[in-house]
Amino acid sequence: MRTPIIAGNWKMNMTLAEAVALVRELKPLVADAKCQVVVCPPYICLHAVAEEIKGTNIALGAQNIHWADKGAFTGEISAPMLKAIGVQYAIIGHSERRQYFGETDERVRDRAANALAHGIIPIICVGESLEQRENGVTDAVVTVQTVAALKDFSPADVEKVVIAYEPIWAIGTGKTATNAEANETIGVVRNAIAGVYGKELANKVRIQYGGSMNAKNASALMAMPEIDGGLIGGASLKAEDFSKVVNF
Ligand code: PEP
């Protein structure tokens, strides 16, 4: 059985005070959640949020992680720094990073490897553009991204990772993949893992859906057999909305 995991990606939103207020409001609303709850605030808010969620069922995630432990990488944040303040998860290879910051499959792989080396679980994002879906290459795109992101990982590490299947055309647009589309493509991602690591291991990997998931559509998406959780953008910025997704 795979424990569902629902993570809020706050992106570049929330001042320090707003972040603390949001998570303070969220705590009692998700206290009985049946899934793993994760919040991913901006770096600058991580420490304060870590203090605020101590002793709760909410885990802390970062929105990225560097591939090196330290060094001359101005403006970057490393896994040891994040680990030291209690970060347990890190979103890697989000489509916004791929689109605006030149993130490549190789770098995604290196960042995820470094997260794992420091005991941080990567939430690795894969997903096709609208053009790719219309051209019928969705399966090929997510397969290539998935295999590249896990290149040379040990089976033990693969078992720990979380993959987020996020069709780019559904992110922040209000357009959700249908339950069937999301389920089917997540099945393709799982097959890609099975192709390298075998079915048994692939069946243990948690694969989330992401893309305009909200209080209204969460329970139907979560009822699909391949969908093990959600990566939530817009709907994670209000405690009540996010709690409804978490308590699907
Ligand atoms: C995301 O950015 O990962 C995301 C799924 O955003 P939204 O829920 O706003 O579509």
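Residues are numbered from 1 along each chain as its sequence is written, and side-chain values use heavy atoms, with hydrogens and water left out. Because the model is predicted, local features need pLDDT of at least 70 and side-chain atom pairs count only at pLDDT 80 or more, while totals for chains, interfaces and linings use all residues.

**View 1. The shell of residues around the ligand.**

View 2. A polar contact is a pair of N or O atoms within 3.5 Å. An N or O atom in the side chain of His94 lies 2.8 Å from an oxygen atom of the ligand, whereas Gly233 places a backbone N or O atom 2.8 Å from a ligand oxygen. A polar backbone atom of Gly234 is likewise 2.8 Å from an oxygen atom of the ligand. On its own the ligand has 290 Å² of accessible area (Shrake-Rupley method, 1.4 Å probe), and the protein covers 95% of that area.

**View 3. The lining of the largest pocket.** The lining of the largest pocket consists of 16 residues, and Lys11, Met12, Gln63, Arg97 and Phe101 lie nearest the pocket centre. A pocket here is an open set of points on a 1 Å grid over the protein atoms alone, where a 1.4 Å probe fits, with protein on both sides within 12 Å along at least five of seven lines, and lining residues have an atom within 4 Å of a point. Helix 4, residues 95-100 (a DSSP run of H or I with at least four residues), gives the most to this lining, with 3 residues.

Definitions and conventions. Polar contact = N/O pair within 3.5 Å; in protein donor to acceptor, adjacent residues only side chain to side chain. Helix = DSSP H or I, 4+ residues; strand = E, 2+ residues; numbered from the N terminus.
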